[in-house]
Amino acid sequence: MNDDHKTNRSQEQENGVDSTPTETRILEATIKEGGEQQENAQAEIPSQMPLLAVRDIVVFNYMILPLFVGRDKSIKAVEAALNDKRYLLINTQKDEKNEDPGLDDIYQVGTVGMVMRMLKMPDGRLKVLVQGLSRARIKSVVQEEPYSLVDIEIIEEIEHTNIDADAEAQMRTAREQSEKIISLRGMDPSEIVSVLNSVEEPGRLADLIASNLRMPTAMAQAILECREPMERLKLVNKQLLKEVEVATLQSKIQSMAKEGMDKAQKEFFLREQLKAIRSELGEDEEGDEEFDELHKAIQKAGMPKEVKKEAQKQFKRLENMHPDSSEATVVRTYLEWLTELPWKKSSKDRLEIKQVEEILNADHYDLQKVKERIIEYLSVRKLNPKMKGPILCFVGPPGVGKTSLGQSIARSLNRKFVRMSLGGMRDEAEIRGHRRTYIGSMPGRIIQGIKEAGTRNPVFMLDEIDKVGADFRGDPSSALLEVLDPEQNNSFTDHYLNVPFDLSKTMFICTANILDTIPPALQDRMEIIRIPGYTEQEKIKIAEQYIIPRQVRENGLKPEYISFSSNTLSKMIREYTREAGLRNLEREVGSVCRKIARKIAEGSTRSYRIIPSNIHKYLGVPRYLEEEREKVLTPGVALGLAWTAAGGEILHVEVTTMPGKGKLTLTGQLGEVMKESGQAALSYARSRAKKLNLSPDFIEKRDIHIHVPAGATPKDGPSAGVTLIMALLSALTNQPLRNDVAMTGEITLRGRILPVGGIKEKILAAATAGVKTVILPAQNYKDFKEIPADLRRNLKLKTVEHVDELWPLVKAEDQEQEAAA
């Protein structure tokens, strides 16, 4: 037995007596027609009829209501009733979720109903209007298919004709309670009261009220099964009393909520209702399950005392807010951030020095200074567990492994790794966070990174710190001063959190290509470690140990499919890449591996050995040739060494003179410092004109043009001073310079040569270009000692303190004499 209908009563009535005009008219019609029509209908009720199970309502006598019938068995039962005398036995299911109830799944006592009207719905369901006639009990089941047919036993109504004082009191109570409920709902009770006053039999009054009273199905069924009219009326009065209490309390809640409201506070109506409900239930401090979980999270988060105090304060505010208000969402999100931060959780450092050293050596070739610094930190950490985390800054050209080195350090220390790119950052709020007064505010990326790591002592990499910008939204570099200061970051305050967080256990590692754009105050807070670049031999070793195995693996090859000779790698480094790092070399190796992978995928089974003679088949013609260094330099051309963010470079400086009036022209997108070096070079040449056999009035009759290729690249810095003065003297004396000598250094008006930076990068560039001799300022000799020994063996070093010492070393006639010797 099953039915899939639901009444529309839940949409038409509240908790209490229904008072809609439609129902009122039905009740009035039922009462007026009652009497003889009801008795005649009962006299004609057959002993056998179809069974219709309902799931959410109990049908009483005199009750007229619509039912929606959807299941096949129920539809056939209704059709059978319409084809006969329109009688149905309507019984209620014990479990409304049961889709196929049996005889044991429904109450045995139900109501005989008559189908007054039937309408077919577009979706195939039936809408039927039924009237309850008489109580009845199921005796037996005659058939179950295609619909349930049952034998019934009519339960005769007991008439209560003697209306004594007790009966009158019960009936008055029922009428008054019904009237009170309707009044508390804010509706006019006059029509319903007139209907109830017209009923003079206790049983009939009980059925009438029960049919319009919203109550649990089990309670309604108990009223239906009660035969004694007075007992039935008492059950109804008991239920009415409960409904009066609920209606009274609801009215009180609404009154309490409305007292403190005005037109501007209407949006808080639901919140005030919730407060009043909790006040009546005595649950002001208990909260629901979500609040309990949040409260437990606050207790377990391990927050410092002052932070926990703030969290508890915000939690109490949240309890008094409506959960759907925008302010509650902000506070809830704030508390979730506080509870999810690792206030006490830390990773356990790996303090085995040899094991850490093995990991660092396995991940990176050379870089001894960096590795020694990490080992030193661990050694001190082992002796002093409370030491603060170091703040390192790796400075070097792109592709030398700064970021991957940070990952390797985190792995060797057994710490979490977090990377944050600072390139192009202009908003201070990216570091410090947004204040909670703004919509969509959130913590800064420092706190976000700590939360992502899940520990308070990760290795935190701040990438591209030299590319931080500044505008009207603030200066992120200034905000980093607190983050990167060991004396201040133990109480770093994010604007969003507005409570201090200890960053002193975090190891911060910054990366930069150059230091010039980093504010001095920020540089002062970091330990600078330079990673200048790699020599050719170092690149070959790194390619053999790291790059080739990685590219072979990433391109789906096996080591036996492909191999590179050392000479091949050397040719790739010289003719296909020109960099201090290794990114382009890895791209070229990857390009070769992809071409081999294609051949393997097409069915080739042979192994491939890449040698210098066939590398062009995979990479094309060489991109860089040795012709950059001319066999003979023309007068006015000098080779200098420059340092850029991408590493060292060979710099050609060209000077030419022409008849004129002493005008000096400098081109090649030169910066102010480099232009001043050109002016100083010219002034020095004029001051030494006699010693250099120059005409004293040469400047009055000749125009001088100084140009530094490539013209599209901006250039600046003081280290080209010696190159400018040598190129100028070469042009003025018509004396060519040596093509195997490169130089760097800053000059003064008196001819002194001052030290410059980036020595290793410059020497690497000189070695790559095939330069044999490098001339450095005397004070840079200490930097030359740090150059790898294999590189020093292939270069001659000359150090000078004055321009007068430099001129004899660079003249081409000295090169010819050496060649002759």
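How many Å should the 12 residues of helix α14 (residues 402–413) span, and how far apart are its end C-alpha atoms? Here are a few notes on that and on the neighbouring elements.

1. A word on the basis. This is a predicted model, in which local features need pLDDT of at least 70 and side-chain atom pairs count only at pLDDT 80 or more, while totals for chains, interfaces and linings use all residues. Residues are numbered from 1 along each chain as its sequence is written, and side-chain values use heavy atoms, leaving out hydrogens and water.

2. The helix question. At 1.5 Å a residue, α14 should span 16 Å, and its end C-alpha atoms lie 17 Å apart, which agrees. The expected span is 1.5 Å times one less than the number of residues; helices (H or I, at least four residues) and strands (E, at least two) are DSSP runs, numbered from the N terminus. Just after α14, Asn414 adopts a positive phi of about 65°.

3. How α14 is covered. Its buried residues (under 20% relative accessible area, with exposed over 50% and partly exposed in between; 1.4 Å probe, protein chains only) include Leu405, Ile409 and Leu413. Among the elements covering them are α12 (353–363), α13 (368–383) and β7 (391–395), with contact meaning heavy atoms within 4.5 Å.

4. Axes here are lines fitted to C-alpha atoms, for helices over the stretch in contact, and angles run from 0 to 180 degrees between N-to-C directions.

5. Strand order. Five strands make an open, parallel sheet ordered β8-β9-β12-β7-β13. Its edges are β8 and β13 (527–530), each of which pairs on one side only. From one strand to the next, the twist averages 20°. Strands count as paired if DSSP finds at least two bridges between them; β7 and β13 have four, in the parallel sense, and Leu392 has Glu527 as its bridge partner in β13.

6. Strand β1 (residues 48–54). Six of its seven residues are buried. Three bridges join β1 to β6 (residues 149–154) in antiparallel fashion, with Met49 opposite Val150. On the parallel side, four bridges link β1 to β3 (residues 87–92), where Asn91 is the bridge partner of Ala53.

7. Cysteines. The structure has zero disulfides (pairs of cysteine sulfur atoms within 2.5 Å). Cys226 is buried at 16% relative accessible area, and Cys593 is buried at 0%.
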